[in-house]
Amino acid sequence: MISERTLPTFNASSVTLTKEEGLRLYEDMVLGRMFEDKCAEMYYRGKMFGFVHLYNGQEAVSTGIVKALRPDGDYVCSTYRDHVHALSAGVPPREVMAELFGKATGCSKGRGGSMHMFSEKHKLLGGYAFVAEGIPVATGAAFQSKYRRDALGDANFDQVTVCFFGDGASNNGQFFECLNMAALWKLPIIYVVENNKWAIGMAHDRATSQPEIYKKASVFSMAGVEVDGMDVVAVHSIAKEAVARARAGEGPTLIEALTYRFRGHSLADPDELRSPDEKQFWGERDPITRFAAYLYEHDLANREELKAIDERVQASIEDAVKFAEESPEPDSSELTRYIFAEDE
């Protein structure tokens, strides 16, 4: 699981990254990491309930992909590991934390919890607990964008949809059906496989006849790309190319990001199946540490600037916890609300 597949190389010198863009990417990754660390603390203190799946280690994928989108128009569809996708999409930390606390001020009004983040305002199509469940939803979102733009002639509907899912979902029938439709109709969608090597306790290489998932795109004459998911510069560069291709009407892309979760499958997972050597191998490739070194090397930031970002993010997370703790519980009189569509 460590050396069977070499991480793809990427020529970072070919990328022009501004100081503003670099600091924005760094802050988003730090927000994701610190937020998830705080979630672990709150979970073990009994503030959160049910399954909570954390994203530690995979921050370069969420940041690199989502920050290549238009914040006011493009769609993001997540999985059950959705907190950081929501944050990258612009959902305020207060609303994400309150949702995890089951409060009425949460982005899903306290009804979704950890696995069902949703925000119409931020074009977050939802987190989905069932494996591969979000793939057809995202494909439908991409279809409506293309239909409104091409069939109805509304040039304002040039949105791109990004759909995140794990390596385990790539063996699900919905994956193949939706990729076929997306390629056939040239839908403006990017399918992102966050290949963290494990589907709960099943090692990826034991579960699929073709472990290189990005190669499955060739069956549908679709662009397929493999990227080092621990390198935010590489992910962001690949994402911008895929977004441009989708927005230009050139069809979908399948991106396989090779990444790793630093914690167990969920906070209830003792994480005894993965070897210490494997964890060390990937831990040494921490995406935040790597990107900080990149920023220093290219004179895009100094240590004081990054420290200031760390402190600002930490303050925002403490504020989010305070907001969540002080927010009201959903009123029992609204138990059946939001099940059906309501009149405007």
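Residues are classed here as nonpolar (Ala, Val, Leu, Ile, Met, Phe, Trp, Tyr, Cys and Pro), charged (Asp, Glu, Lys and Arg) or polar, the last class holding the others, Gly among them. In these terms, the lining of the second largest pocket in this predicted model comprises 15 nonpolar, nine polar and five charged residues. The space in this second largest pocket amounts to about 370 Å³, and of the 29 residues that line the pocket, Thr 79, Tyr 80, Val 131, Phe 165 and Gly 166 lie nearest its centre. At least two lining residues are supplied by each of helix H5 (134-151), strand S2 (161-166) and strand S4 (198-199), and S2, with four residues, gives the most to this lining.

The largest pocket has a volume of about 460 Å³. Its lining is made up of 14 residues, and those closest to the centre of the pocket are Cys 107, Lys 109, Phe 118, Glu 120 and Tyr 338. By class, the lining of the largest pocket divides into four nonpolar, five polar and five charged residues.

On the surface, a nonpolar patch is formed by Phe 143, Tyr 147, Leu 152, Met 181, Leu 184 and Trp 185, which together have about 620 Å² of accessible area. Two or more residues of this patch come from each of H5 and helix H6 (173-185), with H6 giving the largest share, three residues. Leu 152, in turn, is placed in the loop between H5 and S2.

With regard to charged contacts, a search of the whole structure finds 22 salt bridges. One of the salt bridges joins the side chains of Lys 19 and Glu 305, with an N to O distance of 2.9 Å. Because Lys 19 lies in helix H1 (residues 19-44) and Glu 305 in helix H11 (residues 303-326), this pair ties together parts of the structure that are 286 residues apart in sequence.

As for annotation, the unreviewed UniProt entry assigns residues 28-331 to "domain: Dehydrogenase E1 component". Over these residues, 28-331, the chain of the model is 44% helix and 11% strand, and the C-alpha atoms at the two ends are 33 Å apart.

Key
Residues numbered from 1 in each chain as written. Predicted model: local features only at pLDDT ≥ 70, side-chain atom pairs only at ≥ 80, totals over all residues. Heavy atoms only, no water. UniProt positions renumbered as here; feature names shortened; annotations may be inferred. 1 Å grid on protein atoms, 1.4 Å probe; cavity = no way out; pocket = protein on both sides within 12 Å on 5 of 7 lines; lining within 4 Å. Points joined across faces, edges and corners; volume = space filled by probe spheres on them. Patch = residues over 30% accessible without salt bridge, like charges linked within 9 Å, V, L, I, M, F, W, Y side chains within 5 Å. Areas by Shrake-Rupley, 256 points an atom, 1.4 Å probe, with all protein chains shown as cover. Salt bridge = Lys/Arg side-chain N within 4 Å of Asp/Glu carboxyl O.
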